[in-house]
Amino acid sequence: MALEIIVKPAVRKLAMERMQILIQNAISNARIDPELSQRQALLARRISTRHKIRMPYELRMNFCKKCKSFIAPGVNSRIRLGRASVKSIRISCYLCGHTYRKIISQ
Ligand SMILES: [Zn+2]
């Protein structure tokens, strides 16, 4: 148990870094190589499940909440800022048409 406490954070940190790199690559490849981009996103998701690491919001927002597809901002999703007094962003998935809102707390 004690050993696990020492080992785990390093492994998790590494997995988290890999996940971030994969998503970044997936976003930059979304336009030029959509297939590769989907594969990289899938890999990032697998890392998250295998290591039981919850993806940080900035990574999770690249996945549609409904169809679970990887959606690159500006490529297969549209991100718009809400005009209401409460600051929010609206993300629309081009693949299934689902729109969801995220309220940005200040
Ligand atoms: Zn979708």
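Reader: Which exposed residues sit on the face of H2 turned away from its buried side?

Author: That face carries Glu35, Arg39, Thr49 and Arg50. Keep in mind that this is a predicted model.

Reader: And which residues of H2 are buried?

Author: Ser37, Gln40, Ala41, Ala44, Ile47 and Ser48. They lie on the same side of H2, because they cover an arc of only 115° around the axis.

Reader: What does the length of H2 look like against expectation?

Author: It agrees. Helix H2 covers residues 34-50, which is 17 residues. At 1.5 Å a residue, H2 should span 24 Å, and its end C-alpha atoms are 24 Å apart.

Reader: What follows H2?

Author: Lysine 52 does, and its phi is positive, near 55°.

Reader: Back to serine 37. Why does serine 37 count as buried?

Author: Its relative accessibility is 2%. Buried means under 20%, so serine 37 qualifies. Serine 37 is placed in helix H2.

Reader: What does serine 37 touch, beyond residues up to four places away in sequence?

Author: Ala26, Asn29, Ala30 and Phe70.

Reader: Confidence next. Which element has the highest mean pLDDT, and which the lowest?

Author: H2 has the highest, at 96. Helix H1, residues 2-29, has the lowest, at 86.

Reader: And what is the mean pLDDT of the protein?

Author: The mean is 89. Of the residues, 92% reach 70 or more.

Reader: Zoom out. How many helices and strands are there?

Author: The protein has 3 helices and 3 strands. Along the sequence they follow the pattern α-α-α-β-β-β.

Reader: What does the C-alpha trace span?

Author: About 50 × 35 × 20 Å along the principal axes.

Reader: What share of the residues is buried?

Author: Buried residues make up 30% of the 106 in the protein.

Reader: And what share of contacts joins residues at least 24 apart?

Author: That share is 43%, taken among contacts between residues at least 6 apart in sequence.

Reader: Now the sheet. What is the strand order?

Author: E1-E2-E3, in an open sheet of 3 strands with antiparallel pairing. The edge strands are E1 (77-81) and E3 (99-103), and each of them pairs on one side only. Neighbouring strands are turned by 20° against each other on average, direction ignored.

Reader: What holds strands of a sheet together in general?

Author: Strands pair through backbone hydrogen bonds, either parallel or antiparallel.

Reader: Here, how many bridges join E2 to E3?

Author: There are 5. Strand E2 takes in residues 88-93, and E2 and E3 run antiparallel.

Reader: Which residue in E3 stands opposite serine 92?

Author: Threonine 99.

Reader: Is threonine 99 buried or partly exposed?

Author: Partly exposed, with a relative accessible area of 40%. The cut-offs matter here: buried is under 20% and exposed is over 50%, so 40% falls in between.

Reader: Last one. How many residues apart in sequence are threonine 99 and serine 69, and what is the distance in space?

Author: They are 30 residues apart in sequence. In space, threonine 99 and serine 69 are 13 Å apart, C-alpha to C-alpha.

How values were computed: Residues are numbered from 1 along each chain as its sequence is written. This is a predicted model: local features need pLDDT of at least 70, side-chain atom pairs count only at pLDDT 80 or more; totals for chains, interfaces and linings use all residues. Side-chain values use heavy atoms; hydrogens and water are left out. Helices (H or I, at least four residues) and strands (E, at least two) are DSSP runs, numbered from the N terminus. The expected span of a helix is 1.5 Å times one less than its number of residues. Buried means under 20% relative accessible area, exposed over 50%, partly exposed in between (1.4 Å probe, protein chains only). The arc is that of the directions from the helix axis to the C-beta atoms. pLDDT is the predictor's confidence in each residue, from 0 to 100. Contact means heavy atoms within 4.5 Å. Two strands pair if DSSP finds at least two bridges between them. Axes are lines fitted to C-alpha atoms, for helices over the stretch in contact, and angles run from 0 to 180 degrees between N-to-C directions.
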